[in-house]
Amino acid sequence: MDDLYREVIIEHYKNPSHRGKLDPHDISFADNNPLCGDHIQIDLRVDASGEVIDARFDGHGCAISQASADLLMESIIGKSLEEVKKLNKQDILDLLGIDLGPVRLKCALLSLKVLKAGVYGLGEASDDLLE
Amino acid sequence: MTLNVNEIRNDFPILDRETANGRRVIYLDSTATSQKPLQVIEAMNEYYRRSNANIHRGVHTLAEEATAMYEGAREKIAKFINAASSREIIYTRNTTESINLVAYSWARANLKAGDLVILTEMEHHSNLVPWHMLQAERGIELDFIPVTDDGVLDLEAYRTLLARTPKLVSFTHMSNVLGTINPAAEIIGMAHSAGAIVLVDGAQSVPHLTVDVQALDADFYAFSAHKMCGPTGIGVLYGKSVLLDAMPPFLGGGDMIKEVNLRSFRANSLPHKFEAGTPAIAEAVGFGAAVDYLKNIGMERIAAHEHEITEYALDRLEEIPGVKLFGPSADKKGGVAAFTLEGVHPHDVAQILDQDGIAVRAGHHCAQPLHEKFGIPATSRASFYLYSTKEEVDMLVNGIYKVKKMFG
């Protein structure tokens, strides 16, 4: 259980390397976790070949949601949008290096839902995007 | 006479269980749902083992017994809140359904476009959304009694709102986040002087305070069994019979009718008019047992015990650097302590406390607008009941220091 607050998670929560907004940006999307009111906005810059060249997140939430957003931003820079579309739940759990129960899983996955909804150009971040 | 908490705790087997890592559970989430004493668990168990049958029309022994138990519980509940008659006690699923019953039946028969409904800024979503829905459907208007910075209702602003002659005032007797106990009799009296009908959300008050619906002069009063030592799945709408009698039925089906023809029906009399279909019979039996249990201990003693624990908890929490408490001082509130811890999200607070077996709730507690008012997305909330102890408060405080260390 203490694993949940591994140093890497606390570190990314307290000192995120990819927090902020991008202006200009090519893709921007925001949504909430309705259960706890957590909010995440993600801005991306994408080059002509469809490669993510910069990524930032902003918003508020618990250590799990903020750390996973930061780790996710870090991991997608240099990836193509096609690769981003293929990311799923397990990729986030691998980034965090922990197992999560059903309630906290929602915190961890909010950034992925927001990211994929933005990349697909959808109106809202649905759970279908996690598979 | 003060409560013998150790004796009371023996009635709640769950308080003895261990959580995942071998710590005994410290249950500080009674505002979400209370734990259930053996007396309630056994009453429901006994009902299923001995008396289970469908109620009303049956003439056999079991049906007679089940009906007597179901209706007997209604009598107990009526006395518990001092209703004039058990006809005024409508069983529902919970407080939310009780409020929806008023919104669907009374309000749709009595409110038209432009009519004003007054709510407050401290309402639970259950006393907001039904009115949002009616606003979308009917074009009623909504306005809100503001909450002051110290977490009480601004009655001067309320007086101004009343000049706009609202048709309905609907408010919570006790806030599930701030713990504020609102001056219900005064709010109701003012509403009546302005010609409005009053609905009270009593989900948090009936479990913790002596509630007398006649003394309050409430027109409607809603509450749930599961927050007052009873089972989930059953609640009550109290309504003055003169209002309930005039209201159209809500759900249609069996039991709510006097007579049905192929093309028409005649509605049953109170309270059955509003209880379509097979109800939660075992739950009603459990509800009756919960009322007996609370009555035997005495609501004054329960309230006094909770006050002592709350005062102690607020004092101890206030000492912790970085903790910010929400709501009024202990003399104006029930057993709720909602707080934030600087630099740590409430979910993380709750999760780390859970490692020591401490159960608190984190989030907006179904009162998102209230949190927006205070400019915070969420709080952690510890809440207390008749089985809570000062030692548990101490464990909570130690736990919060542990959180601080982890995030320090």
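Lys116(A) counts as buried because 22 C-beta neighbours lie inside 10 Å (a residue is buried if 20 or more other C-beta atoms, placed from the backbone, lie within 10 Å of its own, exposed if 12 or fewer, and partly exposed in between). The model is predicted, so that local features need pLDDT of at least 70 and side-chain atom pairs count only at pLDDT 80 or more, while totals for chains, interfaces and linings use all residues. Residues are numbered from 1 along each chain as its sequence is written, and chains are lettered from A and ligands numbered from 1 in the order in which they are written.

Lys116(A) belongs to helix α5 of chain A, residues 102-120 (helices, H or I of at least four residues, and strands, E of at least two, are DSSP runs numbered from the N terminus). Apart from neighbours within four places in sequence, Lys116(A) makes contact with Lys85(A) and Leu129(A), two residues being in contact if their C-beta atoms, placed from the backbone, lie within 7 Å. The C-alpha atoms of Lys116(A) and Ile42(A) are 10.0 Å apart, with a sequence separation of 74 residues.

The contact between the chains involves 14 residues from chain A and 14 residues from chain B. On the side of chain A that touches chain B, nine residues are nonpolar, three polar and two charged (Ala, Val, Leu, Ile, Met, Phe, Trp, Tyr, Cys and Pro count as nonpolar, Asp, Glu, Lys and Arg as charged, and the others, Gly among them, as polar).

Chain B contains 14 helices and 15 strands. Its radius of gyration is 22 Å, close to the 22 Å that the globule rule gives for 408 residues, so chain B is as compact as a globular protein of that length (the radius is taken over C-alpha atoms, and the rule is 2.2 Å times the number of residues to the power 0.38). Of these 408 residues, 49% count as buried. Among contacts in chain B between residues at least 6 apart in sequence, 70% link residues at least 24 apart.

Val336(B) has Ser383(B) as its bridge partner in β15(B).

Conventions:
Pairing = 2+ DSSP bridges.
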